[in-house]
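Hello,

Here is the structure we talked about, with the sequence beside it. Please open it first, then read the notes below.

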Amino acid sequence: MMRTCQIVSQKFAIEDAHTLSIAQEHGAYDTLAKCQEFTPLEMIQIIKESGLRGKGGGGAPAGAKWALMPQDSEQSSVLVVNCDESEPGTFKDRQIITKDPHLLIEGILLTCYAIKAQDAYVYIRGEYFQFQKVLQRAIDEAEEAGFLKNINITLHRGAGAYICGEKSALLESLEGKRGHPRLKPKQPEPEWYFGQPTLVNNVETIASVPFIIQNGAEAYRAFGTEKSPGTLLFAMSGHVQNPGVYEAEFGVSMMDYINHYGGGIKNGKALKAVIPGGASTGVITAKEAEEVTLDYEALRSMGSALGTGGMIVMDESTCMVSVLKNLLEFYHEESCGQCTPCREGTGWANTLLGKILNKRGSSADINQLLEIADTMNGKTICVFAPAVSSVIVSFLTGFRDEFEVMV
Amino acid sequence: MSFTFTPENIKTIAKLKTRYPKPQALSLPCLWMAQYQEGFISIDAIDVIAEVTETPAMEIYRVATFYSMFHLQPITKKRVMVCKTLSCKLCGSEEILAHLSKREDVLVEEVECLGSCGSAPVMQIDDLYYEDLTTQKVDAVLEQL
Amino acid sequence: MNQNIEIIVDGQTYEAEENSLLIDLLIKHEIKVPYFCYHESLGADGNCRMCMVEIVGQKRPQIACDTLIKPGMEVHSKGEKIDTVRTNILELELINHPVDCPTCDQAGECSLQDFYMDYGLHTSKINVQEKVTHAKHVDLGANVMLDQERCVLCARCTRFTDKITHSHELGIIGRGDDARVSTMPGRPLSNPYAMNVVDLCPVGALTSKDFRFHQRVWFLKSAEAICQGCSTGCNIYIDHNKPKYRDDTVYRFRPRRNDAVNGFFICDDGRLSYKALEENRQRQTLLEGQEIETDAACSHLKALVQQHQGNITVIIDANLYTEEITALLVYAETIKAEVTAPLEFYNDANFEDDLLKSAQCAANYQSVLDLNLSTQAPDKKGLIINFNYPEQFHADTVVSFNTHQGAQASLIFPIASYSENSGTLTNKDGLEQFSKKAVTKNSPSPTILEWLERLKQ
Ligand SMILES: Cc1cc2nc3c(=O)[nH]c(=O)nc-3n(C[C@H](O)[C@H](O)[C@H](O)COP(=O)(O)O)c2cc1C
Ligand code: SF4
Ligand code: SF4
Ligand code: SF4
Ligand code: FES
Ligand code: FES
């Protein structure tokens with residue numbers, strides 16, 4: 001049932017694969033020669049054909065985004081790699097930059113070739129400084145070895161703001177500003193960094209590129225499903241026996257994955273609920289978890305989302321009201337505060353839930369939570385607020401009785 | 001202005017300037033350097049950074065107040081940042097926090113997800129994570145400081 | 001150039017420039033949309049999310065301030081769906097806003113108050129005991145007080161100090177619902193246009209220390225006038241009122257939009273110049289310091305004119321209305337006097353900046369230049385008749401017509417100030433503008449034109 005697949009995690013188990021010599025022994029940078037066989041446009045075509053989807057949470061087709069980058073622009077293009085990794089339940093990019101940083105660097109070089117960029121920035125959450133150092137050492141080694149002659153890779157340290165994972169907020173932050181998401185463009189276009197056309201991709205997306213260039217689009221498509229091709233560094237945390245990050249192909253059954261890699265629910269308890277892909281995806285019940293497969297389409301059809309694939313697993317003893325309270329505290333803390341529905345809505349929802357949790361709430365408060373969720377949906381600058389909205393709705397849909405007994 | 005960057009940091013800044021299209025991009029790196037130098041970010045440092053980045057001091061001040069890892073007041077005690085977000089909570093962060101609340105020699109801060117949920121509960125001291133915490137492990141770590 | 005096209009709003013067809021902002025069209029045609037953060041002088045920021053409209057073919061409501069007008073566009077600015085959206089957002093806005101309108105200075109000119117009346121939120125469902133609390137009386141400097149709790153974080157004030165004055169004193173600091181408007185520690189608001197933020201603030205978060213609690217705005221009447229602080233000729237409203245048993249009084253100056261002159265703003269010096277207007281007024285007719293009847297004073301002046309035939313200078317102040325200057329030229333002609341309009345006093349290079357303030361600190365400076373009037377000191381010094389020019393000259397006899405006290409003259413006539421009189425001014429760019437009379441005093445001083453009439457008799 002569970003086919004082993006190692007597109008991104010091939011060197012994770014190899015000791016010291018973060019050093020250049022060991023990485024090269026295992027094939028690092030081999031694709032640099034190979035990519036010379038292709039023109040930049042051909043590279044983009046290969047990525048398109050591979051069906052590679054962004055692994056930062058949205059699942060947007062990577063090829064289409066690359067194709068938006070101008071090939072003959074007067075301004076030079078920029079690649080920005082998103083290693084903000086702040087979505088609760090998500091800790092996969094960290095594995096790449098510490099266990100196989102050269103894979104990311106290789107992916108960056110290939111991507112820069114395809115989009116004709118000379119400057120690449122990796123935006124790393126501030127708390128990951130210890131891991132940033134590993135990546136920096138790898139970059140220094142690659143530079144000494146002459147791999148970075150045409151390309152500057154600069155690591156940019158964040159400083160504690162979840163919203164800086166959102167691509168336009170990230171770019172603002174990279175420009176030295178507050179991490180405020182920008183107003184959406186009116187038509188499909190690249191992102192912009194100080195007015196230069198810019199591509200933003202997640203660490204894992206970029207780290208998937210060498211495999212595809214090396215083995216071709218079909219080899220990538222051999223994994224996963226028709227609409228969700230390839231693999232993802234899925235992860236588990238919470239009430240599982242063996243939490244961690246394990247690469248698997250899209251389309252496997254969620255429970256198979258949890259049982260196979262996670263060793264099932266901790267302490268032999270029964271499963272109650274799973275947050276499938278980081279805290280901003282809607283919670284699903286144990287029953288739904290039994291049925292769902294790990295791909296974008298299946299989770300969407302359950303009213304949730306695959307997100308980052310970071311599953312938070314909860315056993316039968318978990319109080320769902322306090323779980324939602326915990327998440328709302330997070331959102332309340334992390335809203336950038338720019339737009340009204342989100343700035344006020346996250347705080348207010350958190351207050352209301354606090355009331356319910358302290359047994360001072362009423363059923364009117366539950367309805368009001370839903371109203372606030374509605375106001376936060378689709379009316380804000382970025383999708384942070386709609387995500388919060390969908391999470392609130394998912395808890396009140398799947399576990400309404402737990403809220404009702406509290407009021 | 002009583003703040004100046006160390007010679008080493010001045011060199012780093014000069015090098016970073018070649019890496020970014022505009023000096024304003026250096027505001028986060030500079031804030032980090034200032035915080036490492038002084039332990040916090042002073043208004044004097046903000047003025048120096050404003051000059052380096054060719055950005056109004058107010059803008060740097062706004063940036064410094066946006067990010068949770070920057071602090072604008074000196075901190076006298078050791079900061080212990082304990083993750084309180086969901087995975088850590090499910091794995092016992094409340095117990096860790098309760099245990100730490102008895103200690104007066106450290107400044108305990110509850111922080112949001114540290115991206116280390118698979119090894120929950122987690123805390124951060126200075127730039128390092130301590131994972132898979134138990135109360136005994138917490139005591140052992142604090143002993144070492 | 002973008003083409004003019006037609007779009008439909010609420011079933012009506014409007015013409016607009018393609019790719020111009022939808023909200024500008026709505027504002028221009030007074031189609032009601034609530035909004036806080038947009039301002040024509042500051043552009044769109046998109047943070048308040050209040051200006052939602054429905055655009056046919058779009059799944060979700062859109063903000064009008066970030067919507068470009070396109071051919072064939074069809075917009076609904078009202079209707080149950082959009083009203084619900086707005087009501088709900090407004091309700092969230094009110095969560096942390098103290099609804100203390102009875103004690104708020106802005107009451108009567110507060111967008112929040114207007115909107116929540118419009119959307120029937122007097123009885124908000126949100127029962128607020130746990131509002132986020134912030135500082136209520138922060139002195140930002142430059143006469144501006146901030147109530148952080150009333151602030152809706154529209155960022156108009158901060159964008160003003162960023163984009164208009166480039167002085168950057170104000171900023172929104174902090175994150176999430178801890179975000180608040182602030183200055184940097186020890187660096188107060190201190191630019192010559194600072195008080196405009198009070199007008200820009202859509203709610204009562206920023207108030208003028210100068211005006212706070214003096215008057216409820218709905219008692220005030222406004223006259224469309226021109227500031228006399230310098231030759232820029234900024235358009236203003238003179239807000240005044242005559243409380244029962246008291247005299248008509250000016251309470252404040254406010255900018256009046258004129259894109260050809262001052263846009264939306266005025267300088268603080270101009271704004272505060274209303275104070276000097278009412279202080280130390282010359283109200284009595286005086287002969288050698290003793291009050292005399294106006295008729296006697298007129299006869300006395302006529303006699304002096306006779307006595308000094310051929311040795312008379314008429315001094316014209318460069319703040320007088322053009323109508324007054326012209327009449328004075330005729331008067332000077334009849335009494336065969338020399339005329340001069342000295343400008344020395346009104347040249348102040350330090351006052352000038354590249355926003356609005358001009359170094360020519362008199363409202364009708366340009367008229368004096370256009371009329372080719374002499375600006376030399378008077379050389380005929382038998383009799384000097386000074387029409388309100390503030391500097392003093394020596395002569396055998398000095399007669400002076402003044403709005404304010406302080407003239408050294410044997411005969412002094414009180415005259416109406418510009419707020420008590422109307423007339424035309426030519427600004428530094430040659431633009432003629434009319435300034436309307438605002439105030440009618442219980443016992444008004446005559447205008448210069450009225451005195452000249454009397455002198456003819
Ligand atoms: C609130 C929010 C937080 C996000 N955080 C992250 C993050 O931590 N890491 C990431 O790669 N993408 C994050 N994203 C998604 C990015 O906006 C962006 O879509 C992604 O980096 C694009 O790369 P991809 O297409 O390769 O996934 C976030 C989005 C939102 C709305
Ligand atoms: S939705 Fe929330 S996080 Fe996104 S821009 Fe608005 S306030 Fe900021
Ligand atoms: S003080 Fe007024 S103008 Fe400034 S952000 Fe607040 S509401 Fe807007
Ligand atoms: S610039 Fe001159 S005219 Fe305009 S408000 Fe100031 S003083 Fe008055
Ligand atoms: S929840 Fe604690 S590290 Fe993610
Ligand atoms: S006026 Fe459009 S969002 Fe504020």
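**Contacts with the ligand**

In this predicted model, an oxygen atom of ligand 1 lies 3.1 Å from a backbone N or O atom of Glu85(A). The backbone of Gly165(A) also takes part: one of its polar atoms is 3.2 Å from a nitrogen atom of ligand 1. Thr205(A) uses its side chain instead, with a polar atom 2.6 Å from an oxygen atom of ligand 1.

How much of the accessible area of ligand 1 does the protein cover? On its own, ligand 1 has 610 Å² of accessible area, and the protein covers 90% of that.

There are 18 residues around ligand 1, and those that come nearest are Gly56(A), Asn82(A), Asn201(A), Asn202(A) and Thr205(A). Sorted by class, this shell holds 8 polar, 6 charged and 4 nonpolar residues. Strand 5 of chain A, residues 196-202, contributes the most to the shell, with 3 residues.

**Two packed helices**

In chain A, helix 6 (residues 101-115) packs with helix 9 (residues 203-215). Their axes are 7 Å apart and meet at an angle of about 75°, so helix 6 of chain A is roughly perpendicular to helix 9 of chain A.

On the side of helix 6 of chain A, the contact includes Leu103(A), Leu104(A), Ile108(A) and Leu110(A). From helix 9 of chain A, Val203(A), Ile206(A), Val209(A) and Ile213(A) are among the residues that take part. By class, the residues of this contact are 10 nonpolar, 2 polar and 1 charged.

Regards

Key: Residues are numbered from 1 along each chain as its sequence is written. Chains are lettered from A and ligands numbered from 1 in the order in which they are written. This is a predicted model: local features need pLDDT of at least 70, side-chain atom pairs count only at pLDDT 80 or more; totals for chains, interfaces and linings use all residues. Side-chain values use heavy atoms; hydrogens and water are left out. A residue is near a molecule or strand if one of its heavy atoms lies within 4 Å of it. A polar contact is a pair of N or O atoms within 3.5 Å; within protein, one must be able to donate a hydrogen and the other to accept it, and residues adjacent in sequence count only if both atoms are side-chain atoms. Accessible areas come from the Shrake-Rupley method with a 1.4 Å probe; for residues, only the protein chains shown count as cover. Helices (H or I, at least four residues) and strands (E, at least two) are DSSP runs, numbered from the N terminus. Ala, Val, Leu, Ile, Met, Phe, Trp, Tyr, Cys and Pro count as nonpolar, Asp, Glu, Lys and Arg as charged, and the others, Gly among them, as polar. Axes are lines fitted to C-alpha atoms, for helices over the stretch in contact, and angles run from 0 to 180 degrees between N-to-C directions. Angles under 35 degrees count as roughly parallel, over 145 as roughly antiparallel, 65 to 115 as roughly perpendicular and the rest as oblique. Contact means heavy atoms within 4.5 Å.
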